[in-house]
Amino acid sequence: MENMWSSRFAQHWAQEISPTAFWRRTAELDRQVLRGLPGYAAAVDTVVGDFHAEVQDARSEIDARTRRVDPAVADLRSPRRTVGTVLGALGIGGAFAFFFSRADFDMVAVLPWSSAFLAVGTVGVLMALLPVRRSAPATRGLVQRSWLLSGFATAAAAAPLFFITFSELPGAARTSLGVNLVLAGVCCAVSALVTVTWLRLGTAEHSAVERQVDDVSTQREAVAESALTRHRTSLEELHRDLAAEERETLYRAYTAAGETLVARGVVDTVDQVRSHVPGMLMLQAIADATIRSRTVVLVPQLAPPQR
């Protein structure tokens, strides 16, 4: 019965999944196959969950230690700066799109909206760039991002003047234009402050700051790689401990799914689908989202095709 249900779940999924979605969601293949063996599925979920929890705990410890030992480096890596950069890009990009996209907007009508978007973008820029002081120095990447955002903010603020003269604008539109120019000025002023702070550092200090930031990133990736090796081994041991009948159940389920995928032209051979340790695709999905420095490939035969 387990064999029948495991094969049925996997085969139905293989029939319904689109070719494009298959390569993005290969972990679901493991989940569908393992539904036929609930006990083994629970053990695999435990291994995958333990990997994720261990990495998160270790990284939290590294971040906490960095905040104690070197708060300036911790501040440069703060999620606040990442959120600010995204918010700044969205807000400024939205304001920029009003004037430089292909859409046919009424210039006067959209000026207040552009002010709202630019205000959001400016808040994002301030979150991403401040505080800046010698004890919390900037990096080259921060300087580059600051001027990129400020440049687009300035373009968005000054854009109406390329299409219409100031005297032709009604009072409310003039106010919006003035607000936009002030907001762009704020972005440029903060970028200038970041640049001056960065330039005041010597070459040796530049290198030291960049190295310290990179060291924290390296430590975070190293703990993930170490945990991945251990939990990959745990999955292999779980599979070896299965009874022969249970391994056969999983093998048949993967074969049924593979035959369906081959018939649909999604994969080339059935062996691509059935030759990995069950659960490894699930671990790969979590590891790939956790380890940002490289693409994690634990099952090479089901790696997404290169375009």
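This is a predicted model: local features need pLDDT of at least 70, side-chain atom pairs count only at pLDDT 80 or more; totals for chains, interfaces and linings use all residues.
Visitor: Let's start with His 276. Which side chain does the side chain of His 276 join in a polar contact of 2.9 Å?

Guide: His 276 sits in the loop between α13 (271–274) and α14 (280–290). The residue is buried, with a relative accessible area of 9%. A polar atom of its side chain lies 3.2 Å from the backbone oxygen of Val 273. The side-chain partner at 2.9 Å is Asp 30.

Visitor: Leaving aside neighbours within four places in sequence, which residues is His 276 in contact with?

Guide: Asp 30 turns up again here, as one of the contacts of His 276. With sequence neighbours within four places left out, the list reads Asp 30, Tyr 254, Leu 281, Val 299, Gln 301 and Leu 302.

Visitor: On to the cysteines. How many disulfides does the count come to?

Guide: A disulfide needs two cysteine sulfur atoms within 2.5 Å. For Cys 187, the nearest cysteine sulfur is that of Cys 188, 6.8 Å away. Seen from Cys 188, the closest is in Cys 187, and 6.8 Å is too far for a bond. The count of disulfides is zero.

Visitor: Are Cys 187 and Cys 188 buried or partly exposed?

Guide: The cut-off for buried is under 20% relative accessible area. Cys 187 has 0%, so it counts as buried. Cys 188 has 24%, so it counts as partly exposed.

Visitor: Now helix α6. How far apart are its end C-alpha atoms?

Guide: Helix α6 covers residues 79–100, which is 22 residues. At 1.5 Å a residue it should span 32 Å. The distance in the model agrees with that, at 31 Å.

Visitor: Which side chain reaches the backbone nitrogen of Arg 80 at the start of α6?

Guide: The contact is made through a side-chain oxygen, which comes to within 3.1 Å of that nitrogen. The residue that supplies it is Ser 78.

Visitor: What kind of pair do Phe 22 and Trp 23 make?

Guide: Phe 22 and Trp 23 are both buried. The centres of the Phe 22 and Trp 23 rings are 5.0 Å apart and the planes are at 80 degrees, so the pair is edge-to-face.

Visitor: How far apart in space are Val 33 and Asp 57, C-alpha to C-alpha?

Guide: Val 33 is in helix α3 and is buried, with a relative accessible area of 0%. In sequence, Val 33 and Asp 57 are 24 residues apart. In space, the distance is 30 Å.

Key: Residues are numbered from 1 along each chain as its sequence is written. Side-chain values use heavy atoms; hydrogens and water are left out. Helices (H or I, at least four residues) and strands (E, at least two) are DSSP runs, numbered from the N terminus. Buried means under 20% relative accessible area, exposed over 50%, partly exposed in between (1.4 Å probe, protein chains only). A polar contact is a pair of N or O atoms within 3.5 Å; within protein, one must be able to donate a hydrogen and the other to accept it, and residues adjacent in sequence count only if both atoms are side-chain atoms. Contact means heavy atoms within 4.5 Å. The expected span of a helix is 1.5 Å times one less than its number of residues. Rings of Phe, Tyr and Trp (its six-membered ring) pair if their centres lie within 6.5 Å; planes under 30 degrees apart count as stacked, over 60 as edge-to-face and the rest as tilted.
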